[in-house]
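This report describes a two-part reading of one model, first by chain and then by contact. Please look over the sequence and the structure before reading on.

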Amino acid sequence: MGKRTVVPDGAAAATPAKSPRNRGVGMLIITAYGIFAVSAFARAFYQITPFPQEGKVQFVDAPLALSLSAFAAAVYVVATLALARTSATAWRVALVAVLIEMFGVIGVGTWTLIQPELFEVATVWGGFGRDYGYIPLVLPFVGLFWLFRHRP
Amino acid sequence: MTAMFLLGTVICALSTLICWTMTAVRAHPADSSIISLAAIELYLIVYGIYAGVRQAMGASIAGEAWEFWGYILTALMLPVGVFIWAMVDKTRWSNLVMSFVGLVVFVMVYRMEEIWWGSAL
């Protein structure tokens with residue numbers, strides 16, 4: 001192993017990859033967020049729209065769970081768009097969205113454990129994203145890692 | 001388990017495996033990855049026509065038709081959307097991006113089978 005070149009002040013070390021935030025592995029993360037944006041949006045839309053059908057839980061019966069579904073969908077949409085853009089503002093918006101997502105999935109996950117009677121209707125972040133293979137629990141940590149690796 | 005579900009599972013699994021392999025061996029979006037996405041899209045079209053003809057002839061499904069068609073339409077957009085996104089940057093990672101389609105479509109077909117027949121398995 002050859003001796004590595006010493007980097008003066010870690011400026012280069014802080015940006016190990018020269019490729020922008022929305023390229024390479026970043027594209028995977030954005031794809032995952034995009035898929036969640038679409039599926040959470042579709043789910044919230046289906047849950048909240050008052051289709052007159054038997055057995056469907058209407059919004060008035062479960063306002064909490066369905067509002068949380070809609071909120072989660074909005075967070076995913078914002079996070080996807082912000083992650084896909086390269087400006088410094090987009091970086092901050094993405095950071096806020098990913099942090100909200102992280103606290104949301106942990107908070108709502110804990111809440112569904114403590115008071116399951118409030119959540120007879122499943123919501124996206126219920127049970128730490130159990131319905132979605134716990135990917136909603138992992139995704140914000142991956143997103144956060146990626147954002148800090150690519151500071152503006 | 002229906003034959004259609006089995007077929008879908010095989011196509012999705014093959015597509016994901018092909019895309020993973022191509023991520024390892026190709027530094028650009030591979031033809032085989034793209035063709036595997038087209039195979040999934042084709043399968044979903046056939047699945048939709050089959051479901052549409054069957055329901056038009058009066059067959060009922062266990063769940064809600066609205067939810068079922070919502071799933072099919074979303075699933076149909078997925079290979080197209082992911083393909084366009086994967087082509088934004090033509091690198092090794094395009095193949096890995098495309099590998100998501102097989103995984104997600106499998107889950108969606110699983111849900112559609114549940115809505116259609118009451119159970120997927």
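A residue is called buried if 20 or more other C-beta atoms lie within 10 Å of its own, exposed if 12 or fewer do, and partly exposed in between, with C-beta atoms placed from the backbone. This is a predicted model, in which local features need a pLDDT of at least 70 and side-chain atom pairs count only at pLDDT 80 or more, while totals for chains, interfaces and linings use all residues. Residues are numbered from 1 along each chain as its sequence is written, and chains are lettered from A and ligands numbered from 1 in the order in which they are written.

**Confidence**

The model has an ipTM of 0.85 and a pTM of 0.84. For single residues the score is pLDDT, the predictor's confidence in each residue, from 0 to 100. Chain B has an average pLDDT of 93, and 100% of its residues score at least 70. In chain A the mean pLDDT is 84, and 86% of the residues reach 70 or more. Residues 5–15 of chain A have a pLDDT below 50, and beyond near neighbours in sequence this stretch has 2 contacts in the model. Two residues are in contact if their C-beta atoms, placed from the backbone, lie within 7 Å. Where pLDDT is low, the predicted coordinates should not be read in detail.

**Chain A**

Chain A contains 5 helices and 0 strands, in the order α-α-α-α-α along the sequence. Helices (H or I, at least four residues) and strands (E, at least two) are DSSP runs, numbered from the N terminus. Of the 152 residues in chain A, 33% are buried. When contacts between residues at least 6 apart in sequence are taken, 64% join residues at least 24 apart.

A:Ala70 sits in helix α3 (residues 63–84) of chain A. With 19 other C-beta atoms within 10 Å, A:Ala70 is partly exposed. Leaving aside residues up to four places away in sequence, A:Ala70 touches A:Ala44 and A:Ile48. A:Ala70 is also 53 residues from A:Thr123 in sequence, with 9.0 Å between their C-alpha atoms.

The loop between α4 (88–114) and α5 (135–149) of chain A holds A:Phe128. A:Tyr134 and A:Asp131 are in the loop between α4 and α5 of chain A as well. Their surroundings are listed here.

| Residue | C-beta neighbours within 10 Å | Class |
|---|---|---|
| A:Phe128 | 17 | partly exposed |
| A:Asp131 | 14 | partly exposed |

Most residues other than glycine have a negative phi. A:Phe128, which is not a glycine, has a positive phi of about 60 degrees. The phi of A:Tyr134 is also positive, near 60 degrees. A:Asp131 and A:Gln58 are 73 residues apart along the chain, and their C-alpha atoms are separated by 20 Å.

**Helices of chain B**

Helix α2 (residues 31–56) of chain B has 26 residues and reaches 37 Å from its first C-alpha to its last, close to the 38 Å expected at 1.5 Å a residue. The expected span is 1.5 Å times one less than the number of residues. The buried residues of α2(B) include B:Ser33, B:Leu37, B:Ile40 and B:Leu44. Packing of the buried residues of α2(B) is against α1 (3–25), α3 (65–86) and α4 (93–117) of chain B. Just after α2(B) comes B:Gly58, with a positive phi of about 105 degrees.

The end C-alpha atoms of α4(B), a helix of 25 residues, are 37 Å apart, which agrees with the 36 Å it should span at 1.5 Å a residue. B:Gly118 follows α4(B) and has a positive phi, near 95 degrees.

How do α3(B) and α4(B) pack, and at what angle? Their angle is about 175 degrees, with the axes 10 Å apart. Axes are lines fitted to C-alpha atoms, for helices over the stretch in contact, and angles run from 0 to 180 degrees between N-to-C directions. That makes α3(B) roughly antiparallel to α4(B), a term for angles over 145 degrees. Among the residues making the contact are B:Phe68 and B:Tyr71 of α3(B) and B:Val101 and B:Val104 of α4(B). By class, this contact of α3(B) with α4(B) has 20 nonpolar, 1 polar and 2 charged residues. Ala, Val, Leu, Ile, Met, Phe, Trp, Tyr, Cys and Pro count as nonpolar, Asp, Glu, Lys and Arg as charged, and the others, Gly among them, as polar.

**Between the chains**

Contacts between the chains involve 14 residues of chain B and 13 residues of chain A. On the side of chain B that touches chain A, α3 and α4 of chain B each supply at least two residues. α3(B) gives the most to that side, with 6 residues. The side of chain B that touches chain A has 8 nonpolar, 3 polar and 3 charged residues.

Key: Parallel < 35°, antiparallel > 145°, perpendicular 65-115°, else oblique.
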